[in-house]
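Here is a short report on a two-chain complex.

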Amino acid sequence: MKIMVAIKRVIDYAVKIRVKPDKSGVVTQNVKMSMNPFCEIALEEALRIRESGLASEVVAVTMGPSQCLDTLRTGLAMGADRGIHVDSTSALHPLHVAKILRNLVQIEKPSLIILGKQAIDDDCNQTGQMVAGLLNWPQGTFASKVSPSSNHPGFKNQAFAPTMWWGFPKDKSNMSQIGKKEYTHGTMKSLIGVVLDKEKEEVTVDREVDDGIETVQLKLPAVITTDLRLNQPRYATLPNIMKAKSKPIKKFTPQELNVEIKSDLEIVEVTEPPKRKAGVMVSSVDELIEKLKNEAKVI
Amino acid sequence: MLKFCSIFSKSKSKNLFLLRSRTKSTSSSQSSPAAYTFSRRIFPYSKHSSLLAPASISRVPPSRSFATDSEARDSIEYDVVVVGAGPAGLSAAIRLKQLCHQKGADLSVCVVEKGAEVGAHIISGNVFEPRALDELLPQWKQEEAPINTPVSSDKFWFLTKNRAISLPSPFHNKGNYVISLSQLVRWLGAKAEELGVEIYPGFAASEILYDTNNKVIGIGTNDMGIAKDGSKKENFQRGVEVKGRITLLAEGCRGSLSEKIMGRYNLREKGGAEHQTYALGIKEVWEIDERKHQPGAVLHTLGWPLDHKTYGGSFLYHMKDNQISIGFVVALNYQNPFMNPYEEFQKFKHHPAIRPYLEGGTVIQYGARTLNEGGFQSIPYPVFPGGAIIGCSAGFLNVPKIKGTHTAMKSGMLAAEATFGVLNEGLDMDMYWKALRNSWIWDELYKARNYRPAFENGLIPGLALSGLEHYLLRGKHPFTLKHGKADHEATNAAQLHSPIQYPKADGILSFDVPTSLHRSNTNHEHDQPPHLRLRDPKIPETVNLPVYAAPESRYCPARVYEYVADEHNQLKLQINAQNCLHCKACDIKDPKQNIEWTVPEGGGGPGYSVM
């Protein structure tokens, strides 16, 4: 079984972002770029599934200019078997990426596509869902694993629990307490994240949603997007980085994949958020009302 | 003797595959620290304590409690291992590959770098003298090195609180360029890779590997994925042994491994050298109003806000694209423990002659680093069994010129030539020392040797002697002045001074430390053991705080050290290791030399791109 993971090269999360003086975007020149953190988590999940023996190959896909090859090599160094680079210098929006992935799927035929839930540069949170829509595949988004004692250091990885679990917490009012005893089983269930059942060709995904945790079971082939607490991505070791240099990378262009990069979106302006103004102390309620009425104009 | 031969845990077993022919799957170094044990702290700290503790036992905080963990490390072998992808390290690597090409030899060269990318930890003024680069890569201009702003003017001011008095410039910067060293090093990295050098950023060399004959055989990288309390996290990854027939240490000023090596092999005594003296440089890159920007303009100042007993000054260089480098350098042998070099820099920016440049501009990056000021008198014997020390780790900065890049690069090139001789022709590494003594590095540093020590007696005698030196003597005097006390010994007790009131940051020209720190793009994985180790955990509260009023809370440009009241209202030292800029000021200036800077997980630290 093959897993395809899409990874994106973005500005490193620790970099201080600056807006370009002409407000057309953010400064990317001379700025450190790295793999999107959610994509790292997606790749890590794919590697774990392969290492448990349920998949045979992990293919990493990246799209963008030639500098993206650095990010792809990092993915190969983490453990992906092959890389695909879709070379494009124009801006790629989620719909373009989704269309390209759909066409790549017809070539590569993976059973599972894993992506990060969103990229930290555009925060779109659309690509995974669009890919599932275009392919008409089921989707399990915001895959997460929050176990009851996950704050304890040295907590062992409880992925791949032997039993499949299907159900919802009974008492919805307590849903914010993730992984605690409200569940109908009566046992302290630890969330399992993503569990693959190869025979039944199904994958069970714990989704971290606003109400709590929702578990869905998807028939393969399926799309999964990963959230922050799913796993801790591994470091790429020096021997792996050296090996990654010789792993094959296949190159495509959007034209070869019959996808036209035509943008229906135009970025009009990028500005910094307004600076927080200092608070003002008021001496009486009357003064407060007066300020709210006349200065802030909210009443 | 490897007591434990366990292989990696199950999920990592895939990594122990058949490596290429030059690698081995188990560590063969007998004295490499395969087992973590508690460090022995029974001896009082001395500068040479590393001689007392066998190098095979790594110093770990007592909280680390997994003594059973001693999985074998992967071992990779190269002909030459270079620690640090800076100007010296990369010049050495490039030179080696050039020699291989010329003489038809094939040597494998590996450079390990603790920064997340090449150039991420590089910060410097920088007015670049292309002398060494002309020798290394004569086609640098055609190959589009990021060196394109020639020096257009050279000013030197003496500042008082309100005035700037122009003095004749002691520098001869004609033919030099204003550059960003981080950008130049990135370019050098690309050149090195083109020649076949393997560069691995994100890997911190944390220990030296020795064989049974006390010879250096390589370095070991940090284990990654260890939690704050010392236990292994989910993504624990054992470090790797990178072995080389020759190891070149190019860690920059006060390199952590270089200091250990110099102590172990007594390299200072061997070279007849004095102790090294240092300064702390704090720098910002601004994008200013283009009407005020004069590409290539170079300005140095002396005087205000420092007093006549403290050596230091500022620099302001105009690069391209309306960017300027502005910074402040304070010698670390200052006496007043209440001195705060960062605040002095912020104060300096308000001077009426300086502020016009900055008004209307924005800060792009911030950073800090210590630099060598010992010059000629402090050069150690840089060769040890199995390798050599190059660049600022040995200390070749020319203090009156305030340039160290060209000498660092040249030292790397000379070491590469000696290394080639050793590996290809069976010669001795001592050739490097001889080559240094016969090179222009020696000549330059010899002529410059008395400028800095003259300031031991204060600003006026220093300036007087400088003038004499510069116009008359030019290094041709029969004596060599000595350095004063070591920097950490120069700090007076707090009772001899009174606290200095620094003005509050205005958010336009001056800023507070957290704001500046954010601009350095610094980050470390927060859940890791603190890399700043206290040799004696009681000394901060029993000595630093009462006697010296906690100088580390002032000289650290990253606010790593803070004294916070605990639940009994006692002030306790809190180490915010995540903020660390890797400047090494604490390792240098701590009065009892209690703070030891060790290298954190690779990939952490500042993210300089235009510094």
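## A lysine held by backbone oxygens

In this predicted model, a polar atom of the K247(A) side chain lies 2.8 Å from the backbone oxygen of A80(A). K247(A) sits in the loop between α5 (238-244) and β12 (249-252) of chain A.

K247(A) is buried but has no salt bridge. D81(A) is the nearest side chain of opposite charge, 5.5 Å away. A salt bridge needs the nitrogen within 4 Å of a carboxyl oxygen. Leaving out residues up to four places away in sequence, K247(A) touches R73(A), L76(A), G79(A), A80(A) and D81(A).

## The interface between chains A and B

Chain A brings 27 residues into contact with 37 residues of chain B. Together the chains bury about 2,900 Å², 59% of it on carbon and sulfur atoms. In chain A, the most area is lost by Y235(A), L238(A) and M242(A), together 26% of what that side buries.

Between the chains there are 3 salt bridges and 10 residue pairs in polar contact. K245(A) pairs with E198(B) in a salt bridge, with the closest N and O atoms 4.0 Å apart. On the chain A side, α1 (37-51) and α5 each give two or more residues. The largest share, 6 residues, comes from α5(A).

## Confidence

The predictor gives the complex an ipTM of 0.77 and a pTM of 0.84. Chain B has a mean pLDDT of 87, with 88% of its residues at 70 or more. Over residues 1-68 of chain B, the pLDDT is below 50. That stretch still has 122 contacts in the model beyond near neighbours in sequence.

Note on methods:
Residues are numbered from 1 along each chain as its sequence is written. Chains are lettered from A and ligands numbered from 1 in the order in which they are written. This is a predicted model: local features need pLDDT of at least 70, side-chain atom pairs count only at pLDDT 80 or more; totals for chains, interfaces and linings use all residues. Side-chain values use heavy atoms; hydrogens and water are left out. pLDDT is the predictor's confidence in each residue, from 0 to 100. Contact means heavy atoms within 4.5 Å. Helices (H or I, at least four residues) and strands (E, at least two) are DSSP runs, numbered from the N terminus. Buried means under 20% relative accessible area, exposed over 50%, partly exposed in between (1.4 Å probe, protein chains only). Lys and Arg count as positive and Asp and Glu as negative; His and the chain ends are not counted. A polar contact is a pair of N or O atoms within 3.5 Å; within protein, one must be able to donate a hydrogen and the other to accept it, and residues adjacent in sequence count only if both atoms are side-chain atoms. Buried area is the accessible area (1.4 Å probe) that two parts lose on being put together, summed over both.
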